[in-house]
Amino acid sequence: MTILVTGGAGFIGSNFVLDWFKSSDEPVVNLDALTYAGNLENLASLQGDARHVFVKGDICDRALIDHLLAEHQPRAIVHFAAESHVDRSIHGPGAFMRTNVEGTFTLLEAARAYWSALQGEAKSGFRFHHVSTDEVYGSLKPQDPPFAETHAYEPNSPYSASKAASDHLVRAWHHTYGLPVVTTNCSNNYGPYHFPEKLIPLMIVNALAGKPLPVYGDGQQIRDWLYVTDHCSGIRAVLAGGTLGETYNIGGWNEKANIDIVKTVCALLDELRPDPAGPYARLITYVTDRPGHDRRYAIDARKIERDLGWRPAETFETGIRKTVQWYLANEAWVANVQSGGYRDWVSQQYGA
Ligand code: NAD
Ligand code: DAU
């Protein structure tokens, strides 16, 4: 038995692979193009581990995927690979259409050809697990109930539109061809190996460097935060027990305003690595808002809780403390990801 993971060198994918081997010896073939967001350092602890086969390659490369499926005969595909950063999608949506839409299409077609030729239990047990986001549902008003699986799709950014398109493709491949799919739509993740272009790691690394902490608009936008290994356990639960063709929302009931997240990070750093220059919150700087910025996301996680018995292991308080501690203990990882490409992005997005 083997699973094929795409995007397993990124933030969530690498956490998923590391977490997988804590409870399973089932091999993982990890296909990742190693874009700016992919980092083999995340997987350094698996070096020499025969259970992990890393393949550098593109999910748009049909011949490569056909070859990997034929060679490794996986019982499941868990599809993380994507362009994932909303701000980058605003500057350059093309890569998002290619990887998130064309890449998912290519993977679905390869999976369909492979699955169609399977027999018996190999065929009935096969799963295509599509990892998606709550952003496909659009933006909530303050009094709206959280997103249930039945919420209409209203994507607002090029990123979320590309993820919504990929969700629709996955749905159609099940409905039309019978491909055995499950989809999960998760809220904002945080934790180790999070690339410091996203809110929480950006605030940690900027604070430690004494740089401004850029808060978009009024900082009152709300996200629903989930510690990354809780997302991983949710995916495992759906992969193992999810009903074919269904979608499952994953979230930890942790709605927080961005400014409160930033203040929490500052307070933890004040405690764990005090700055002689004064409290880190002095670095908070309100900057121009993100165009089309969604105001509020919130996940109704009752379906996965009720049907699959899934619960997050971390509260926001335990998870954010672990996260800050991880960044403090892994300064070499942080230094290594802040390459020339990273610096170019920061100056494009935030100016000099
Ligand atoms: P990430 O940007 O950290 O990692 C993406 C990975 O995909 C990278 O390793 C990258 O090299 C790889 N990749 C990109 N294009 C590729 C291609 N064409 N072929 C092969 N590999 C390619 O993203 P993430 O935050 O880990 O997100 C993983 C998945 O989870 C995405 O599908 C994202 O939409 C979804 N998601 C993310 C969050 C979140 O909060 N980060 C929440 C819900 C859902
Ligand atoms: O909701 C799930 C989504 O969460 C995932 O699908 C995406 O892949 C992931 O990137 C994340 O999207 P967000 O846009 O919510 O994440 P980001 O970390 O970019 O921003 C979180 C909030 O913080 C958002 O309201 C914008 C704000 N922000 C972000 C940055 C980078 C700031 O105020 N300042 C910043 O510098």
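In this predicted model, the shell around ligand 2 holds 24 residues, and those that come nearest are Asp 134, Tyr 159, Arg 290, His 293 and Tyr 350. Divided by class, the residues of this shell are nine nonpolar, eight polar and seven charged. Three elements, helix 3 (86-91), helix 7 (199-208) and strand 8 (213-216), each supply at least two residues of the shell around ligand 2. Strand 8 has the largest share, with three residues.

For Asp 134, a polar side-chain atom is 2.5 Å from an oxygen atom of ligand 2. For Leu 199, a backbone N or O atom is 2.8 Å from an oxygen atom of the ligand. For Tyr 216, a polar backbone atom is 2.9 Å from an oxygen atom of ligand 2. On its own, ligand 2 has 690 Å² of accessible area, and the protein covers 94% of it.Ligand 1 has 28 residues around it, of which Ile 12, Asp 32, Ser 84, Tyr 159 and Lys 163 come nearest. The class division of the ligand 1 shell is 13 nonpolar, twelve polar and three charged residues.

The polar contacts of ligand 1 listed here involve Gly 10, Asp 58 and Ile 59. At Gly 10, a polar backbone atom is 2.9 Å from an oxygen atom of ligand 1. At Asp 58, an N or O atom of the side chain is 3.0 Å from a nitrogen atom of the ligand. At Ile 59, a backbone N or O atom is 3.0 Å from a nitrogen atom of ligand 1. Ligand 1 taken alone exposes 830 Å², and 96% of that is buried by the protein.

Helix 1 (11-23), strand 5 (127-133), helix 6 (158-177) and strand 7 (188-190) are the elements that give two or more residues to the shell around ligand 1. Strand 5 gives the most, with three residues.

The crossing of helix 1 past helix 8 is right-handed. Helix 7 passes helix 11 in a crossing that is right-handed.

Methods: Residues numbered from 1 in each chain as written. Chains lettered and ligands numbered in written order. Predicted model: local features only at pLDDT ≥ 70, side-chain atom pairs only at ≥ 80, totals over all residues. Heavy atoms only, no water. Near = heavy atom within 4 Å. Polar contact = N/O pair within 3.5 Å; in protein donor to acceptor, adjacent residues only side chain to side chain. Areas by Shrake-Rupley, 256 points an atom, 1.4 Å probe, with all protein chains shown as cover. Helix = DSSP H or I, 4+ residues; strand = E, 2+ residues; numbered from the N terminus. Nonpolar A, V, L, I, M, F, W, Y, C, P; charged D, E, K, R; others polar. Left-handed = near helix turned anticlockwise from the far one by under 90°.
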